[in-house]
Amino acid sequence: MISVALLATATSAVTLSAANAEVFRLGHIRDTNHPTHEAALKFKELVEQKSDGEIEIRVYPNSQLGGAKEMFVQLQTGDLEMVYGGINTFAWIDGGEAFEVTSIPFLFRDYDHMKKSLESEVFAPVIEEAEEETGIKIVAFGGDTSPRGLTTADTPVETAEDFKGLKIRTAASPAVLTAMQALGAMPQQIPFSELYMALRTGVVDAQENGAAVVASNSLYEVQNYYIKTDYIRDIDTFFMAMDKWDDLSSDEQALITDAALEAGMFGTEQLNALMADVYEDLGEKMTVIEPDLGSIRDALSGAFDQFEGDKWPNGLIEQISSVQ
């Protein structure tokens with residue numbers, strides 16, 4: 001829960017700002033060394049520069065204002081102006097459920113495919129309905145995030161066939177469980193705090209986290225292969241309270257959108273540099289495999305039909321797949 005002290009600090013920050021500047025507080029969940037924070041600071045710099053100081057952005061990192069869901073609620077209640085975070089998390093609130101489609105394993109070919117899909121006419125009605133239902137404006141999609149991969153102890157997973165019989169510790173997501181079961185794997189639910197020992201003792205053969213998590217938690221000590229499935233992607237997104245957005249002039253809306261897109265590109269560059277170093281480091285400790293993702297997507301064809309027309313509109317998966 002958000003402490004009274006933090007709210008008081010945020011409020012006092014507004015009152016202490018320049019008298020003529022309109023202050024927007026922007027919260028995110030990443031620490032200050034993460035590319036998301038660097039992008040948020042770039043956004044602040046660009047908005048203040050483009051507005052000649054008439055709009056001030058105050059950035060609150062590291063969940064200072066709460067987790068993703070808590071901050072979305074604050075946008076709805078008028079206690080926060082902006083949030084910068086993954087579009088996957090928008091599915092966590094009432095009215096945003098359709099965005100759970102962005103968490104489907106192996107759906108997006110890469111970051112560019114995900115960004116083009118979200119910005120295309122395919123998603124236009126989904127975005128419009130979600131904005132109306134939630135009272136939250138999706139300002140811009142911009143900022144790659146570290147995709148989730150796969151590590152294994154003894155199995156060099158190269159095709160869909162190699163998933164069969166694999167005991168994989170996975171996230172507790174219906175979409176993820178559906179994918180793993182369709183591939184013939186045996187998904188297991190194990191707390192992250194117990195994962196290292198579970199891998200070491202063979203309780204599970206494999207796990208799915210991004211390369212940075214594998215490196216920072218020394219999972220390479222108990223796993224021999226890193227498979228670049230990049231199977232769940234996300235994209236950092238600038239959200240804004242709809243009433244605040246509507247209060248802006250068209251010129252102000254344009255400059256905030258432009259700044260968000262530029263900051264997102266900056267954050268993506270920072271992430272790419274970080275991940276290049278991570279993969280180089282892992283390459284010295286593990287065998288890194290580029291799998292046949294086409295065979296995996298073929299094996300999952302139709303696996304998510306049960307969610308069509310329920311969690312998201314009918315035909316949305318096929319439309320996303322066709323975006324070039």
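How many aromatic pairs does the count come to by the ring-pairing rule? The structure examined here is a predicted model, in which local features need pLDDT of at least 70 and side-chain atom pairs count only at pLDDT 80 or more, while totals for chains, interfaces and linings use all residues. Residues are numbered from 1 along each chain as its sequence is written, and side-chain values use heavy atoms, leaving out hydrogens and water.

The count comes to ten aromatic pairs. Rings of Phe, Tyr and Trp (its six-membered ring) pair if their centres lie within 6.5 Å; planes under 30 degrees apart count as stacked, over 60 as edge-to-face and the rest as tilted. One of the pairs, Tyr-84 with Phe-238, is stacked, at 3.9 Å centre to centre and with 20° between the planes. This pair links distant parts of the chain, with Tyr-84 in strand β3 and Phe-238 in strand β10, 154 residues apart. Helices (H or I, at least four residues) and strands (E, at least two) are DSSP runs, numbered from the N terminus. Both Tyr-84 and Phe-238 are buried, a word that means under 20% relative accessible area, against over 50% for exposed and in between for partly exposed (1.4 Å probe, protein chains only). Ring pairs also link Phe-72, Phe-90, Phe-99, Phe-123 and Phe-239 into a cluster.

Strands β3 and β10 belong to an open sheet of five strands, in the order β2-β1-β3-β10-β4 and with mixed pairing; two strands pair if DSSP finds at least two bridges between them. At the edges are β2 (55-60) and β4 (136-144), each pairing on one side only. Strand β1 (residues 22-27) runs parallel to β2 and is joined to β2 by six bridges, and Leu-26 stands opposite Val-59 in β2.

Next comes the nonpolar core, a set of buried Ala, Val, Leu, Ile, Met, Phe, Trp, Tyr and Cys residues joined through side-chain atoms within 4.5 Å. The largest such core has 60 residues, among which Ile-87, Phe-90, Phe-99, Phe-123 and Phe-304 touch the most other members. Helix α6 (residues 174-182) gives the largest share of this core, four residues. Leaving aside neighbours within four places in sequence, Phe-304 is in contact (heavy atoms within 4.5 Å) with residues including Ala-175, Thr-178 and Ala-179.
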